[in-house]
Amino acid sequence: GVGSLTSVNYSGKELIAYPPAPLFWRATTDNDKGTAMGFHSGAWYAASLMPRCTNVVLVEGDGEVMITFSYRVNISVDVNVTVAYTVRSDGSIAVKSRYEGTAGLPDLPIYALSFKIPMEYNQLDWLALGPDENYSDRNHGARLGRFSNKAADSLSGYVVPQESGNRTGVRCVTVTNDEGSGIKISAPAAKPVECRVSPYTAFELENAYHQYELPPVHYTVVTVAGKQMGVGGDDSWGAPVHAEYRIPSDGIIEYEFVIS
């Protein structure tokens, strides 16, 4: 099996079109290309493609059940990733994700969980920093508030498809269809997450050089990150993202959110 959550069914509607998987790669931005991130950090791209589930532990509690998946990634035997899903009696699913790294590896572009839901769920309503896209080192012009947009708006109009449409400080985002049914992703106000909701995966964006090369839309891709590196931009020909907005490989990253 895939070693992941394979079905979320609310009111007879299946919402998981492709199971959640750990993600360590973002589609390189123009600035990333200027710093040769693909060359220096490309091992995280490979690590994202084929994580291996090595263990599954099921613990039944009072009115809830917790399933913890452990993963190894091909970048190093010393990287440990766990994702725990606690299914509660009200149908909500609490997700806890943990990365335990090691020194000597390139900085992480992102540490996230990404999954696909059917494309008809494309209406977004946020309580986050916005309304425009923002990143850890580019969010001082954003304000915390409630705003709405569509998954397709994540493209942000860059000539070359790349990472775009992210929001930091996410307390809550609902992803619904025209009838208003769908899912809600919520995180503790004291420890918000970063989210990107898009018609395309990081890999589809990475492999397209023009907007017209992007594939036909089949899904809405939900990416929930504990951390994403900044986007830099002191210049676009080699100035790195400032150290405080990078993600060293040897740390521990933990975050949690609820799907309901």
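**Serine 249 and the fold around it**

Trainee: Why is serine 249 called buried?

Mentor: This is a predicted model. In it, serine 249 has a relative accessible area of 4%. Buried means under 20%. The value falls under that cut-off, so serine 249 is buried.

Trainee: Where is serine 249 found?

Mentor: In a loop. Strand E15 (219–228) lies on one side of that loop and strand E16 (252–259) on the other.

Trainee: Which residues is serine 249 in contact with, leaving aside its neighbours within four places in sequence?

Mentor: Leu105 is one of them. The list also holds Gly101, Thr102, Ala103, Gly104, Pro106, Asp107 and Leu108, together with Trp44 and Tyr99. Each counts as a contact because heavy atoms lie within 4.5 Å.

Trainee: How do you know that the radius of gyration of the protein agrees with a compact globule?

Mentor: Compare the two values. A compact globule of 260 residues would have a radius near 18 Å, and the protein has 18 Å, so they agree.

Trainee: How much of the protein counts as buried?

Mentor: 49% of its 260 residues.

Trainee: What secondary structure does the protein have?

Mentor: 3 helices and 16 strands. Among contacts with a separation of 6 or more, 66% come from residues 24 or more positions apart.

How values were computed
Residues numbered from 1 in each chain as written. Predicted model: local features only at pLDDT ≥ 70, side-chain atom pairs only at ≥ 80, totals over all residues. Heavy atoms only, no water. Helix = DSSP H or I, 4+ residues; strand = E, 2+ residues; numbered from the N terminus. Buried < 20%, exposed > 50% of the residue type's maximum accessible area, 1.4 Å probe, protein only. Rg over C-alpha atoms; globule rule 2.2 N^0.38 Å.
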